[in-house]
Amino acid sequence: MMDAGDVNTVTFPKMLSRRQIAAICAGNALEFYDFVVYAIFAVQIGRAFFPSDLPGVSLLASLATFGVGFATRPLGAFIIGRMADRSGRKPAMLVSFSLIGVSVGGLALTPGFATIGMAAPVLAVLFRLLQGFALGGEVGPSTALLLESAPIQRRGLYVSLQAMSSDGAVMVAGLVGVILSLTLDAAAVDAWGWRLALLMGLVILPFALAARRTLVETLAMEEALPPHVVEAGTWRIVLCGLLMLAAATIANYVLVYLGTWASTTLGIVQRSAFASVMLVGLGGVLCDPLSGWLSDRFGRRPVMIVPAVGLALVVLPAFWWVAHYRSSESLYAVSTVLACLLDLSTGTMLVAVAEALPRARRAGGFALIYAVAISAFGGSTQFAVAGLIRLSGDPLMPAYYMLVALMIGLTAMWHFPETKPA
């Protein structure tokens with residue numbers, strides 16, 4: 001813990017405006033908006049780029065293409081993260097966000113297989129690779145800048161806004177899906193509805209880039225580090241951080257896939273599936289900042305561990321309930337409860353891992369830990385769950401997959417040091 005002498009050595013930055021905080025979080029928001037739109041329109045995207053007469057093949061090909069974008073995340077984390085630690089957080093964030101805009105817009109505007117043949121899936125894969133590179137380098141600098149810009153006793157709250165932006169984007173994407181399903185017929189959604197949904201995310205691009213240009217650079221700020229975190233050992237931080245973020249990634253991606261699972265496996269109407277995604281996002285919007293605020297009061301470890309234990313206890317009964325009753329009401333209830341428990345835990349996870357790293361290596365180090373966890377499990381989760389359901393015929397496979405991840409994550413949380421400043 002920091003004592004009074006440590007706190008007195010810290011340089012407190014000028015307070016960020018709400019517009020600047022929104023600009024910092026915009027990259028994360030656009031990432032998750034694109035992710036959710038891709039997930040909820042995976043069937044339509046599969047038909048556009050990977051048409052097949054075999055049941056389920058187009059969906060699996062679509063999910064596999066979504067997954068390849070995660071392969072370039074560690075490379076982006078290494079290159080753009082090192083740039084952030086050497087040249088500054090601000091220029092790295094401008095580069096990564098610009099590349100995100102190019103990749104999202106490029107995928108949305110790529111003609112389908114019926115128009116340009118094999119060039120369509122090739123371009124889709126290339127844009128996913130570019131997006132993965134950009135996103136790999138986005139989260140480290142933006143999280144570091146939020147942490148370094150925050151008053152020392154409000155770090156948890158500030159960094160939790162990064163997670164809240166992600167879940168806000170999930171909520172908006174679900175709402176867009178509901179609106180499109182109400183206003184367009186199935187043929188229109190297949191033809192161009194999903195493209196419109198992707199392009200809607202780009203509305204924030206020019207405003208966020210303009211706001212990011214006004215940010216104050218935090219790389220040069222002197223910052224005291226919690227001594228016990230240094231003593232705990234870098235490898236312990238890296239390993240536990242990887243396992244925690246991997247568990248959170250799997251749980252989050254299973255929850256967002258819940259709508260697709262309910263629609264394709266259980267036969268629940270697609271409009272209800274979109275609404276469930278919206279509720280997952282709403283749970284995060286409400287619980288992420290609460291998680292950060294609680295961690296500033298009670299510490300990072302208890303706020304991570306207690307909700308994660310609750311989530312592990314209810315995940316199997318919750319999925320069984322939806323699979324048994326197969327109703328929109330059960331889907332809505334489960335989506336909301338599981339999302340709230342998950343976000344109460346993961347809202348604190350980002351600040352705990354970032355806070356444990358030395359400032360001089362924070363952006364690159366956090367970016368690599370996050371990118372490796374996301375790359376290994378983010379892109380594979382939906383594909384693995386869909387494949388396991390197809391092979392086993394057991395609709396509860398998502399729950400089993402999520403429970404195993406949560407148990408591993410809880411073990412890592414238990415061994416992670418407390419990083420909250422005194």
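Analyst: Let's start with a term: a salt bridge is a side-chain nitrogen of Lys or Arg within 4 Å of a carboxyl oxygen of Asp or Glu. Please keep in mind that this is a predicted model.

User: Thanks! How many salt bridges does a search of the whole structure find?

Analyst: Searching the whole structure gives 8 salt bridges. One of them pairs R89 with D85, with 2.6 Å between the closest N and O atoms.

User: Is D85 buried or exposed, and what about R89?

Analyst: Residues under 20% relative accessible area count as buried. Both D85 and R89 are buried.

User: Which residue forms a salt bridge with E148?

Analyst: The partner of E148 is R362, and their closest N and O atoms lie 3.1 Å apart. This pair links distant parts of the chain, as E148 sits in helix α8 (residues 119-149) and R362 in helix α17 (residues 362-392), 214 residues apart. E148 and R362 are both buried.

User: And which side chain meets E355?

Analyst: That is R300, in a salt bridge of 3.0 Å from N to O. E355 belongs to helix α16 and R300 to helix α15, so the pair ties together parts that are 55 residues apart in sequence. E355 is buried, because its relative accessible area is 1%, and R300 also counts as buried, at 1% relative accessibility.

User: Now to helix packing. How should I read it?

Analyst: In general, two packed helices are described by the angle between their axes and the distance between the axes. Take α15 (residues 300-325) and α16 (residues 328-355): the angle is about 155° and the axes are 8 Å apart. Angles over 145 degrees count as roughly antiparallel, and α15 and α16 are therefore roughly antiparallel to each other. Their crossing is left-handed. By class, this contact of α15 with α16 has 22 nonpolar, 4 polar and 2 charged residues.

User: How do α13 and α15 pack, and at what angle?

Analyst: Helix α13 (residues 234-264) packs with α15 at about 25°, and 13 Å separates the axes. Angles under 35 degrees count as roughly parallel, so that is the label for α13 and α15. α13 passes α15 in a left-handed crossing.

User: What about the loop between α15 and α16? Which residue there is worth a look?

Analyst: First the general idea: most residues other than glycine have a negative phi. R326, which lies in the loop between α15 and α16, has a positive phi of about 50° although it is not a glycine. R326 is partly exposed, with a relative accessible area of 42%.

Conventions
Residues numbered from 1 in each chain as written. Predicted model: local features only at pLDDT ≥ 70, side-chain atom pairs only at ≥ 80, totals over all residues. Heavy atoms only, no water. Axes fitted to C-alpha atoms, helices over the stretch in contact; angles between N-to-C directions. Helix = DSSP H or I, 4+ residues; strand = E, 2+ residues; numbered from the N terminus. Parallel < 35°, antiparallel > 145°, perpendicular 65-115°, else oblique. Left-handed = near helix turned anticlockwise from the far one by under 90°. Nonpolar A, V, L, I, M, F, W, Y, C, P; charged D, E, K, R; others polar. Buried < 20%, exposed > 50% of the residue type's maximum accessible area, 1.4 Å probe, protein only.
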